[in-house]
Amino acid sequence: MNTAMRLPGRIGPRALLITTAALPLTGWALHAAALHRQLAASRRDPLTGLLRRDAYAARARRLLTRHSDDLAVVMVDADHFKAINDTLGHAAGDSVLAAVGARLTAWAGPRSATGRLGGDEFAVVTQVPEALLERRLAQLVRMLHTPVVLEDGRTVDVAASVGAATPAVVGTRELSSLQRAADAALYEGKHTGRAVLATAQHTTVASINGRRAGRAGTATWGRAA
């Protein structure tokens with residue numbers, strides 16, 4: 001009786017075909033996954049995790065098209081942010097911006113568009129019942145005024161100005177018009193510690209790409225910073 005160990009034979013043509021076909025498919029799957037991660041990263045601000053300007057605008061317009069009722073466009077500016085950078089350093093400033101991003105995300109919820117427009121300026125489009133809007137905006141102001149604790153244990157007092165606009169009051173679903181009205185309302189209440197709701201009158205303020213003309217960045221390349 002032959003007890004010699006039988007070595008595996010050669011791979012048959014069918015198995016070889018399956019194996020070689022699977023290799024490029026696997027490679028393409030890995031490549032597609034990498035591209036998906038790169039695309040997702042390109043849509044997000046790396047510091048705050050919020051949507052970048054273009055990605056935010058695209059999602060905001062979709063929300064305004066599909067869910068016009070009970071939607072609010074909210075503009076947010078961090079107050080005295082330059083002073084934080086100048087006195088505590090840019091690392092502290094980055095921590096404050098990251099905290100603002102986290103708080104806006106928590107306040108707005110997952111079915112919203114939350115973006116960093118540039119620097120210390122942010123925007124949110126979210127669903128809020130009209131009867132609850134003032135209460136929810138007051139809640140947002142309190143969240144944004146909560147001190148930020150840095151990694152080294154120092155505490156930074158922070159504040160932000162907030163303006164909001166709704167399609168029902170402004171009379172349009174167009175994102176730039178709503179942002180202009182919300183931005184004008186924000187500056188009406190700048191440094192007051194309260195959120196301001198836009199009226200139809202706020203839509204008459206001159207703007208560039210939905211931002212109040214004359215604010216930082218609106219004279220550069222026709223785009224707000």
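Tutor: Let's start with Ala 184, which is in contact with His 202 and Val 205 once its neighbours within four places in sequence are set aside. The model is predicted, with local features needing pLDDT of at least 70 and side-chain atom pairs counting only at pLDDT 80 or more, while totals for chains, interfaces and linings use all residues. Residues are numbered from 1 along each chain as its sequence is written, and side-chain values use heavy atoms, with hydrogens and water left out.

Student: What makes His 202 and Val 205 contacts of Ala 184?

Tutor: Contact means heavy atoms within 4.5 Å, so His 202 and Val 205 pass that test with Ala 184.

Student: Where does Ala 184 lie, and is Ala 184 buried or exposed?

Tutor: Ala 184 belongs to helix α7. Buried means under 20% relative accessible area, exposed means over 50%, and partly exposed is in between (1.4 Å probe, protein chains only). Ala 184 has 8% relative accessibility, so the label is buried.

Student: What makes something a helix or a strand?

Tutor: Both are DSSP runs numbered from the N terminus: helices are H or I with at least four residues, and strands are E with at least two. On that basis, the protein has seven helices and nine strands.

Student: Why is Gly 93 called buried?

Tutor: Its relative accessibility is 0%, so Gly 93 falls under the cut-off. Gly 93 lies in helix α4 and touches Phe 81, Ile 84 and Asn 85, leaving out residues up to four places away in sequence.

Student: Then how do you know whether Arg 116 is buried or exposed?

Tutor: Use the same cut-off: the relative accessible area of Arg 116 is 17%, so Arg 116 is buried too. Arg 116 sits in strand β2 (residues 113-118). Not counting residues up to four places away in sequence, Arg 116 touches several residues, including Asp 45, Leu 97, Glu 121 and Phe 122.

Student: Which label does His 80 get, buried or exposed?

Tutor: His 80 has 54% relative accessibility, so His 80 counts as exposed. His 80 is in the loop between β1 and α3. His 191 comes out at 47%, so His 191 is partly exposed; that residue is in the loop between α7 (175-188) and β7 (196-197).

Student: What is the phi of His 80 and of His 191?

Tutor: Most residues other than glycine have a negative phi. His 80 has a positive phi of about 55° although it is not a glycine, and His 191 has a positive one of about 65°.

Student: What makes a space a cavity or a pocket?

Tutor: On a 1 Å grid over the protein atoms alone, a cavity is a set of points where a 1.4 Å probe fits but cannot get out. A pocket is an open set with protein on both sides within 12 Å along at least five of seven lines, and lining residues have an atom within 4 Å of a point. Grid points are joined across faces, edges and corners, and a volume is the space filled by probe spheres set on the points.

Student: How many cavities of 30 Å³ or more does the search find?

Tutor: The whole structure has one. The largest cavity holds about 50 Å³, and its lining residues include Ala 78, Asp 79 and Phe 81.

Student: What volume does the largest pocket have?

Tutor: About 250 Å³. Of the 16 residues that line the largest pocket, the closest to its centre are Glu 130, Leu 133, Thr 166, Ala 168 and Val 169. The largest share of that lining, three residues, comes from α6.
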